Amino acid sequence: MNKNIILLGLAMGLHSAYAQETISPAPAQRKPVYLTHATIHVGNGQVIENGTIAFSQGKITAVGNNIAAAGDATVIDLKGQHVYPGIIAPETSVGLVEFESVRATIDLREVGEINPSVRSIIAYNADSKVINTLRSNGILLAQITPQGGIVSGASSVVQLDAWNWEDAAYKTDNALHFFMPRLIPVGSGSGPATNDRTKAALEQIEKVRTFFREANAWLKEGKHSATNLKFESMRRLFNKEQKLFIHCDLVKEMLLAIDFAKEFNIEVAIVGGTDAWLIADILQKNNIPVVLTQPHSLPLMQDDDVDQPYKTAALLQKAGVLYCLSNEGFWQQRNLGFEAGTAATYGLSKEQALSAVTLNAAKILGIDNIAGSLEPGKDANIAVSNGDMLDMKSSVITQAFIQGREINLDNKQKQLNEKYEQKYGLK
């Protein structure tokens, strides 16, 4: 039997075995909704005690105190619960990977080194069972990012309650991704082998720079006898309709990222940014935002403080650098809010930590005009918690809304918990 057929059959069998819950996307909002008597965390640093938030037709219409409900509105008394903007997860492969051990369910890489024409959005699986586990922790939007090669293609932002990728699309092709080869192989020591790897990395970076120059020149020409899909896909980047997300961690790599921004007059964001705290002033001066990945991790260099990844966000905040937090992977995104909570114990205020996974992320992803905070005119992407959403011990998300639609917060893990509570008489 064909190997691919065997793998596909195995994947389908696993999918059937594990995919217990059937959750349909919520219908469009029909009536105005008022959430009252709540502590509202706006996302921009403001907190409204005993407040009300109103939304209609998917948009927030009012936030504040003493807001009277319309006659036909649905009024929900939250009795002191906390209301937050939905968390935004940048740099994730959710919907592109279902089982890491089954190749047939992995769709995040394309062959080749330079693939700017690849679009992750068309591979997004809106039926992924992982999505429901993220929503239960308040993650309502995500940036679906391709991998593989050096220039991996374009990511898109999706909302996590959809029938298919067309419905899920929130902002398509918002960023092009350049995975910069590491200039200093960490932990490899020194010597000829290390020098060879660094030389090879520099050659690959120069290869990308040459491609950018050729694409820019091709786009500036008038007519062409044939279409070059790779060059044509760079048009949105050079028109500043798209950002270049450069994945790098070391100081030398980030300085090269700044050079890319200057040479090609494009908007650049750094993804990873482990050592961003060392050049925070340079990043701020050049208006380079940072997506800090894996904040729950060990430091990159042996002589760094062991808690440096926890402190980096506060150092960037102090320097005035625009940053957000990210947790690479797919199922791992469920912990993103709690990682923001860790940053709040290492120098950030709770509201600054909230912004790091809501409004700041929206700004970097280019969706802050419609998402990221609870302000009139923006989409009603709202999470309600009976505790602190950034605290693993107290956070329990009781309700959530995406574009005003109240979504189902059930998932496979909740169903299994309930099943065995019943079996052993715990419920």
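1. Contact here means heavy atoms within 4.5 Å. By that rule, 41 residues of domain 1 touch 34 residues of domain 2. Domain 1 covers 21-86 + 372-426 and domain 2 covers 87-370, with bounds from an automatic or database domain assignment. Their centres, taken over C-alpha atoms, lie 29 Å apart.

2. A word on the basis: this is a predicted model, where local features need pLDDT of at least 70 and side-chain atom pairs count only at pLDDT 80 or more, while totals for chains, interfaces and linings use all residues. Residues are numbered from 1 along each chain as its sequence is written, and side-chain values use heavy atoms, leaving out hydrogens and water.

3. Have a look at strand β8 (residues 151-159), where nine of the nine residues are buried, meaning under 20% relative accessible area with a 1.4 Å probe, protein chains only. Strands are DSSP runs of E with at least two residues, numbered from the N terminus.

4. Strand β8 pairs antiparallel with β7 (residues 139-144) over four bridges; pairing requires at least two DSSP bridges. L141 has Q159 of β8 as its bridge partner. Six residues lie between β7 and β8 in this hairpin, and G148 in the turn has a positive phi of about 100°.

5. Strand β8 also runs antiparallel to β9 (residues 169-179), joined by six bridges. Here A154 sits opposite L176 of β9.

6. Is Y420 buried or partly exposed? Y420 counts as partly exposed because its relative accessibility is 38%, and that class spans the range between under 20% (buried) and over 50% (exposed).
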